[in-house]
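Me: I have a new model open and would like to walk through it with you. Could we start with some contacts between charged side chains and then work outwards?

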Amino acid sequence: MKLREVVSSLNLGVASASDTLDQTITGGYASDLLSCVMAKAQAGNIWVTLQAHVNIVAVASLLNLTGIIITEGSRLEEATIEKANEEHIPILTTPLPTFTVVSKLAALGIQGTD
Amino acid sequence: MFQYVLADLHIHTVLSPCAEVEMIPPLIIRRARELGLGLIGITDHNSAENVAAVIEAAQGSGITVLPGIEVQTREEVHVVTLFDTAQQALVWQMEVFNHLPNLKNNEDHFGAQFVVDASGEYIRRNERLLATSTDMSLEMVVAMVQDLGGLALPAHVDRPSFSLLANLGFVPPDLDLPAVEILCSSQESEVRQRFPQIRGFTMVSSGDAHRLSEMVARTIFKIAAPTVAELVLAMRGEDGRWVEIY
């Protein structure tokens, strides 16, 4: 599934790198602890978190994630958006909580790893 | 003229809901003296309301008390913040309170938050929930504390929760930190191996004491005076100052 379809299906805001939505999502991962994400998320995953700190961009870039969905309307810092544009990492926003977002992604056929 | 000072820069009092009732000023000072500590930091969760009492209790003991706060950032990272004077810490406390949600503490879940005098006598309870996140980012906390003339150290970075490395993975490259704090149960060399991302940082180790038996004397500073500025010089290894964990 393309990132663009997820954006439109979940009605997500696009806060950065809007020119990168044609990537294909290979699966999903959710955690707010970046140490866990670094250990577990797979390349091509969409990452769901409410952590909006600038370090999320480096983690997504390092792991070649397709994008980051920031949940619960968590306030994005300017530095995070700037860095995400530089690194071509799409940051997507929603007021929905993480559980709801993950349920919707699963309903679209996006799977987590075992 | 340099002095060698044993320090525990991260100690809670009965104001922290998770601390034991024995964490009152005279007992903290007595324990510090038993351990040979010359310098202690008083750092309750998101509040400095007991720092003046501990400073008063330390008078005549030869122990220097640095007043501070253990702030919880919006990323749920704990940061030990320390100052030279209670006035500075209380200014910082006002900022922290402005950024803390206005929730009531639930004593059954979290424990009571006691404000006490220098002898440890009960003055009042803080009814506000202190054991939660402010809405300040890690960067904001470090910048504001440094602007106020204080010192900010990410707490217990090698802990699996409420720590910079667990929550944010690595130290943001633009963050100017003189040192990081590791757990009192950790060996510095092991931490450096386990977390290559902080290999280049100076480390200190404090007790994060919530009871008297958890206070520790394992960080030693070579400094000219027990002040924040001198600690920073020691952490940066400048002008003949240094700090070591043993």
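Me: Which salt bridge do the side chains of B:Arg192 and B:Glu188 make, and what is the distance from N to O?
Reply: This is a predicted model, and in it the side chains of B:Arg192 and B:Glu188 meet in a salt bridge with 2.7 Å from N to O.

Me: Where do those two lie in chain B?
Reply: Both of them belong to helix 7 of chain B, which covers residues 188–194, and they are four residues apart, about one turn of the helix.

Me: And how exposed is B:Glu188?
Reply: B:Glu188 has a relative accessible area of 22%, and is partly exposed; the cut-off for buried is under 20%.

Me: OK, what does B:Glu230 pair with?
Reply: The side chain of B:Glu230 meets that of B:Arg241 in a salt bridge, again given from N to O, at 2.7 Å. B:Glu230 sits in helix 8 of chain B (228–235), whereas B:Arg241 is in the loop between that helix and strand 11 (242–245), so the pair ties together parts that are eleven residues apart in sequence.

Me: Are B:Arg241 and B:Glu230 buried or exposed?
Reply: B:Arg241 counts as buried, with a relative accessibility of 13%, and B:Glu230 counts as buried too, at 10%.

Me: Which residues are joined into one network by salt bridges that share partners?
Reply: That network is made of B:Glu20, B:Arg211 and B:Glu214. Within it, the side chains of B:Arg211 and B:Glu214 meet at 3.5 Å from N to O. B:Arg211 is partly exposed, its relative accessible area being 35%, and B:Glu214 also counts as partly exposed, with 30%.

Me: How many salt bridges are there over all chains?
Reply: The count over all chains comes to 13 salt bridges.

Me: Changing topic to the backbone, what is phi like at B:Glu76?
Reply: Phi of B:Glu76 is near 65°, which is a positive value in a residue other than glycine. For background, most residues other than glycine have a negative phi. B:Glu76 is located in the loop between strand 3 (64–72) and strand 4 (78–82) of chain B, and with a relative accessible area of 39% B:Glu76 is partly exposed.

Me: What about B:His156, where is that and is it buried or exposed?
Reply: B:His156 is in the loop of chain B that runs between strand 7 (151–154) and helix 6 (164–168), and at 1% relative accessibility B:His156 counts as buried. Its phi is also positive, near 25°, in a residue other than glycine.

Me: Now chain A, what is the pattern along the sequence?
Reply: Chain A has five helices and five strands, and read along the sequence they follow the pattern α-β-β-α-β-α-β-α-β-α. The radius of gyration of chain A is 12 Å, close to the 13 Å that the globule rule gives for 114 residues, so chain A is as compact as a globular protein of that length.

Me: What does the C-alpha trace span, and how much of chain A is buried?
Reply: Along its principal axes the C-alpha trace of chain A spans about 35 × 30 × 25 Å, and 47% of its 114 residues count as buried. Its accessible surface comes to about 5,300 Å², with 52% belonging to carbon and sulfur atoms.

Me: And how many positive and negative side chains does chain A have?
Reply: Chain A has 6 positive and 11 negative side chains, with the centres of the two sets 5 Å apart.

Key
Residues are numbered from 1 along each chain as its sequence is written. Chains are lettered from A and ligands numbered from 1 in the order in which they are written. This is a predicted model: local features need pLDDT of at least 70, side-chain atom pairs count only at pLDDT 80 or more; totals for chains, interfaces and linings use all residues. Side-chain values use heavy atoms; hydrogens and water are left out. The radius of gyration is taken over C-alpha atoms; the globule rule is 2.2 Å times the number of residues to the power 0.38. Buried means under 20% relative accessible area, exposed over 50%, partly exposed in between (1.4 Å probe, protein chains only). Accessible areas come from the Shrake-Rupley method with a 1.4 Å probe; for residues, only the protein chains shown count as cover. Lys and Arg count as positive and Asp and Glu as negative; His and the chain ends are not counted. The place of a charge is taken as NZ of Lys, CZ of Arg, CG of Asp or CD of Glu. A salt bridge is a side-chain nitrogen of Lys or Arg within 4 Å of a carboxyl oxygen of Asp or Glu.
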